[in-house]
Amino acid sequence: MGDIVFHPIGTIHSAFKQQEGTPIQSALAGDAAGWIELLPAYTASLLDLHEFERIWVLYHLDRTADFRPLVTPYLDTAQHGLFATRSPARPNPIGMSVLRLHSIEGARLNVIGVDILDGTPLLDIKPYVPDFDAFTSSRA
């Protein structure tokens, strides 16, 4: 299998400059506001996104620790296999968050519920669709 290469499509901005103090999940971030600045080439791709209350944001965890097969999650005291956690120390450091879309101004998306470090490279945006994305009876 060959290398897979991703190119950032923008930058995520927030008040969080370091991992300490950054919310551990977007659902726990409350009203933490931020914004996403898309590269101009992608502005037209925002057409109709304003119809959605929430968006999935995929990003490069550019300041995370190296991959570890066993980790202790933030809200736990026991080690678990990495893939049974949301630890950022992944073999492919890709993060994902569901953010509330407040507004769109040109190539800027104003978002709420931010749990992402300032300056994080954006890889993709997808609409959050409750009928497809929410499995409320799932076991965790």
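Me: Which strand gives the most to the lining of the largest pocket?
Reply: This is a predicted model, in which local features need pLDDT of at least 70 and side-chain atom pairs count only at pLDDT 80 or more, while totals for chains, interfaces and linings use all residues. Residues are numbered from 1 along each chain as its sequence is written, and side-chain values use heavy atoms, with hydrogens and water left out. Strand 3 (54-60) and strand 6 (94-105) each supply at least two lining residues of the largest pocket, strands being DSSP runs of E with at least two residues, numbered from the N terminus. With four residues in that lining, the strand that gives the most is strand 6.

Me: Is Ile 24 buried, exposed or partly exposed?
Reply: Ile 24, one of the residues nearest the centre of the largest pocket, is found in the loop between strand 1 (10-14) and strand 2 (33-38). Buried means under 20% relative accessible area and exposed means over 50%, with partly exposed in between (1.4 Å probe, protein chains only). Because its relative accessibility is 30%, Ile 24 counts as partly exposed.

Me: How much space lies in the second largest pocket?
Reply: The residues that line the second largest pocket include Trp 56, Arg 86, Val 98 and Tyr 128, together with others such as Asp 133, Phe 135 and Arg 139. Arg 86 is also among the residues nearest the centre of the largest pocket. The space in the second largest pocket is about 350 Å³.

Me: How many residues apart in sequence are the parts tied together by Asp 118 and Lys 17?
Reply: The whole structure holds five salt bridges, each being a side-chain nitrogen of Lys or Arg within 4 Å of a carboxyl oxygen of Asp or Glu. One of them joins Asp 118 and Lys 17, whose closest N and O atoms are 3.2 Å apart. Since Asp 118 lies in the loop between strand 7 (108-112) and strand 8 (120-127), while Lys 17 lies in the loop between strand 1 and strand 2, the number of residues separating the two parts in sequence is 101.

Me: Which residue forms a salt bridge with Arg 100?
Reply: Arg 100 lies in strand 6 and its partner in the loop between strand 1 and strand 2, so the pair ties together parts that are 69 residues apart in sequence. The side chains meet at 3.6 Å, N to O, and the partner of Arg 100 is Asp 31.

Me: What distance separates the C-alpha atoms of Leu 49 and Thr 11?
Reply: Leu 49 lies in the loop between strand 2 and strand 3, and because its relative accessible area is 10%, Leu 49 is buried. Leu 49 and Thr 11 are 38 residues apart along the chain, and the separation of their C-alpha atoms is 18 Å.

Key: 1 Å grid on protein atoms, 1.4 Å probe; cavity = no way out; pocket = protein on both sides within 12 Å on 5 of 7 lines; lining within 4 Å. Points joined across faces, edges and corners; volume = space filled by probe spheres on them.
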